Amino acid sequence: MYWQPKEECLDRGALAELQRKRLQKTLTRVASHVPFYRNTFKKRNLDPTQLRSLEELQEYPFTLKQDLRDNYPYGLFAVPLRDIVRVHSSSGTTGMATVVGYSRNDIQTWSDLVARVLCGAGLTREDVIQIAFGYGLFTGGFGLHYGAERLGASVIPISAGNTRRQLQIMRDFKTTALVCTPSYALKMADVMMDIGINPHGLSLRWGLFGAEPWSEEMRLELNERLGIIATDNYGLSEIIGPGVAGECQECNGLHINEDHFLVEVIDPETLQPVPPGEIGELVITTLTKEAFPVIRYRTRDLTRLLPGPCPCGRTLMRMSRMTGRSDDMLIIKGVNVFPTQIESVLFAIDGTQPHYRLIVDRINNEDRLTVMVEAVESMLFDAMKKQRSLINTIKKQLATELGIGVEVKLVEERTLERFEGKGNRVIDNRKI
Ligand SMILES: [Zn+2]
């Protein structure tokens with residue numbers, strides 16, 4: 001049930017003391033080994049050896065993605081290159097790549113943290129885990145791979161793509177757990193239908209999905225269509241990759257591996273902590289990383305902390321699934337809109353398929369959001385009246401959820417692009 005019971009169920013007081021010690025050690029190390037941190041600390045007259053409490057971390061500066069780019073490739077490493085056993089890189093959706101490194105101990109830690117996530121989701125060494133995340137510079141494939149091996153499960157390192165082959169292997173190798181993005185799992189469900197594989201006749205029981213924001217409605221859809229229990233897990237290469245946090249079988253928020261990562265939730269405008277339980281940007285400080293420690297890294301991911309104990313017995317704090325990235329947020333007619341909000345509404349309406357695209361235009365200085373959604377086949381053969389009524393239902397529910405009017409367009413099944421990795425469902429044609 002737990003991979004590291006002592007750590008995962010640590011008394012909160014003992015955890016805070018462990019965090020404080022580890023924080024001080026990390027701050028002291030980066031101050032002496034990484035010129036970037038030494039200089040920024042010096043500018044603010046910060047002396048990590050004097051750190052008395054976790055709250056004092058708030059006096060330290062944030063680290064931004066741009067700081068990683070400015071120190072490309074190895075400028076933020078805290079150990080010499082000869083102690084680095086692995087390099088990963090994130091291309092990001094925009095701009096220059098960032099590079100992260102791991103020491104031998106970092107790889108051990110990473111494996112254990114991902115094993116915690118897998119174990120928390122219900123997996124054991126009896127499971128056959130098909131890893132359909134990309135392997136390579138992206139941390140997803142390797143991270144889950146090491147965790148699954150550490151757990152002692154049987155790993156199928158198939159990587160992303162070639163969906164028919166994925167499904168053939170899933171059937172023949174008796175895969176019990178699928179690891180990929182929720183978008184790709186949805187594509188697999190569609191292809192299963194096309195080629196006549198009944199998911200309920202497979203050995204598949206678990207889905208561990210991550211690397212992109214997704215809605216609760218998408219989870220229900222995947223559970224039903226694939227006959228699985230889907231859980232969410234979270235990580236990012238700048239911090240360690242997957243293994244930062246993961247859902248237990250309660251499926252009610254992700255337990256953060258707080259003995260290794262100290263989290264804050266801030267208001268991205270004022271940069272001050274938000275009141276407990278409110279949504280804000282997740283900021284992470286690594287507490288045990290050797291090769292690539294980061295201090296107060298602004299993830300751009302939006303979430304909220306969920307106070308209170310979890311019935312699973314873990315004392316590690318939970319956070320809600322990501323609402324989205326602050327980068328993904330669309331501002332339409334001055335209103336903040338997240339694609340996951342629209343997804344929640346669409347998935348709950350009968351007559352549509354769980355595939356959609358959002359198109360934003362600016363016409364005569366006014367924003368217009370068009371939601372394209374696939375209609376179920378029978379709907380398109382129905383009378384215009386029924387189609388219009390479906391469009392009106394969607395419009396009305398989206399207007400209630402978002403507070404703005406949107407255009408809705410029904411398209412035929414299988415006309416919108418499917419994704420094998422992270423989905424990209426927004427086309428913003430505005431030149432701003
Ligand atoms: Zn739990």
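Glu216 has a relative accessible area of 33% and is therefore partly exposed, where buried means under 20% relative accessible area, exposed over 50%, and partly exposed in between (1.4 Å probe, protein chains only). The model is predicted, so local features need pLDDT of at least 70 and side-chain atom pairs count only at pLDDT 80 or more, while totals for chains, interfaces and linings use all residues. Residues are numbered from 1 along each chain as its sequence is written, and side-chain values use heavy atoms, with hydrogens and water left out.

Glu216 pairs with Arg219 in a salt bridge whose closest N and O atoms are 3.0 Å apart; such a bridge is a side-chain nitrogen of Lys or Arg within 4 Å of a carboxyl oxygen of Asp or Glu. Side chains of opposite charge can pair when their charged atoms come close. Because Glu216 and Arg219 are three residues apart in helix α9 (residues 216–226), about one helical turn separates them. Helices (H or I, at least four residues) and strands (E, at least two) are DSSP runs, numbered from the N terminus.

How many salt bridges does a search of the whole structure find? The count is 22. One of them joins Asp190 and Arg418 at 2.9 Å, N to O. This pair links distant parts of the chain, 228 residues apart: Asp190 belongs to helix α8 (residues 182–195), and Arg418 to the loop between β20 (407–411) and β21 (426–428). Asp190 is buried at 4% relative accessibility, and Arg418 is buried at 17%. A further bridge brings the side chains of Arg362 and Asp367 together at 2.8 Å, N to O. Here Arg362 is partly exposed, with a relative accessible area of 42%, whereas Asp367 is buried at 9%. Salt bridges with shared partners also join Asp190, Glu221, Arg225, Glu374 and Arg418 into one network.

Aromatic side chains come next. Rings of Phe, Tyr and Trp (its six-membered ring) pair if their centres lie within 6.5 Å, with planes under 30 degrees apart counted as stacked, over 60 as edge-to-face and the rest as tilted. By this rule there are 11 aromatic pairs. The pair of Tyr37 and Phe41 is tilted because the ring planes stand at 45°, with the centres 5.9 Å apart. Both residues lie in helix α3 (residues 35–43), four residues apart, or about one turn of the helix.

Arg321 lies over the face of Trp214, at 4.6 Å from the ring centre, and Arg86 lies over that of Phe142, at 4.8 Å.

Arg86 is also a contact of Tyr146, as is Ser111, leaving aside neighbours of Tyr146 within four places in sequence; contact means heavy atoms within 4.5 Å. Tyr146 lies in helix α6 (residues 139–151) and is partly exposed at 25% relative accessibility. Between Tyr146 and Leu113 there are 9.8 Å in space, C-alpha to C-alpha, and 33 residues in sequence.

Key
A charge sits over a ring if NZ of Lys or CZ of Arg is within 6 Å of the ring centre and within 35 degrees of the ring normal.
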